[in-house]
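Student: I would like to go through this model strand by strand. Shall we look at it together?

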Amino acid sequence: MSFENPLKRVERLRRVKNRPNDNKAGRVPPGQFVTEKFPVLHYGSVPAIELATWDFRVFGLVETPITLTWDEFRALPETTLTTDIHCVTRWSKLDTTWTGVRWRDFIEAVGVKFSLDASHLMAHCENNFTTNLPLDILDDEETMFAWEFEGEPLTAEHGWPLRLLVPKRYFWKSAKWIRGIEFMAGDRPGFWERNGYHMNGEYWREERFGW
Ligand SMILES: Nc1nc2c(c(=O)[nH]1)N[C@H]1C(S)=C(S)[C@@H](COP(=O)(O)O)O[C@H]1N2
Ligand SMILES: [Mo]
């Protein structure tokens, strides 16, 4: 699915009023409603990807830049976890189950040594999509690079073969079709952040828009 112009989309979303909160056991942030569906949202088209030429790059403020092949990536320690996701377009989905390698396990298993000056990450994806995140938010039990959703490989439109999952932030930070991570000194806006979304995107504080 393609989207309207990003700026128009942000303008439209800013006009949506909060509905009465659909809160299950304090799990649903303000202004969100629970859905059983799994909407597909992204800018541009679904990329065509070949696993044979797919690679994953770790670069920026690291001791040694690293490139992993798909087979190397899939050999990393695997975890399955269940968590809630919250989209800035106001849907939340509870108890979603994901399989992949957790952020912490990735850093350890790959032996990523990033500089003490590194404070933020830029996730780089197919079609030049990017999103920025603070490293201390990524350093969480539930952050992972996911390759399965509900026990099945990700579908193409949900990010196959690999997406970032950052349940602590609005879902636009859970970058689909991720191909690399860049460690940065300081913050820099990614794609949606340049187009009006909040730099941080914390949903309990409703950090939806940055201006
Ligand atoms: N590569 C890429 N990842 C992306 C996006 C995008 O445009 N490109 N959109 C984000 C947004 S705005 C949302 S809400 C979620 C939607 O994920 P879903 O389609 O699996 O529900 O993906 C995020 N990840
Ligand atoms: Mo979104």
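Tutor: Start with the open sheet: five strands in the order E3-E2-E11-E6-E7, with mixed pairing. Strands (E, at least two residues) and helices (H or I, at least four) are DSSP runs numbered from the N terminus. Two strands pair if DSSP finds at least two bridges between them. The model is predicted: local features need pLDDT of at least 70, side-chain atom pairs count only at pLDDT 80 or more, and totals for chains, interfaces and linings use all residues. Residues are numbered from 1 along each chain as its sequence is written.

Student: What is the bridge partner of His-124 in E11?

Tutor: Strand E6 (residues 120-125) and strand E11 (residues 178-184) run antiparallel. Six bridges join them. The partner of His-124 is Gly-180.

Student: Is Arg-90 buried or exposed?

Tutor: Arg-90 lies in the loop between strand E4 (79-86) and strand E5 (91-102). Its phi is positive, about 90°, although Arg-90 is not a glycine. Buried means under 20% relative accessible area, exposed over 50%, partly exposed in between (1.4 Å probe, protein chains only). At 9%, Arg-90 is buried.

Student: What is the relative accessible area of Asp-95?

Tutor: Asp-95 sits in strand E5. Asp-95 is not a glycine either, yet has a positive phi of about 55°. The residue is partly exposed, at 46%.

Definitions and conventions:
Chains are lettered from A and ligands numbered from 1 in the order in which they are written. Side-chain values use heavy atoms; hydrogens and water are left out.
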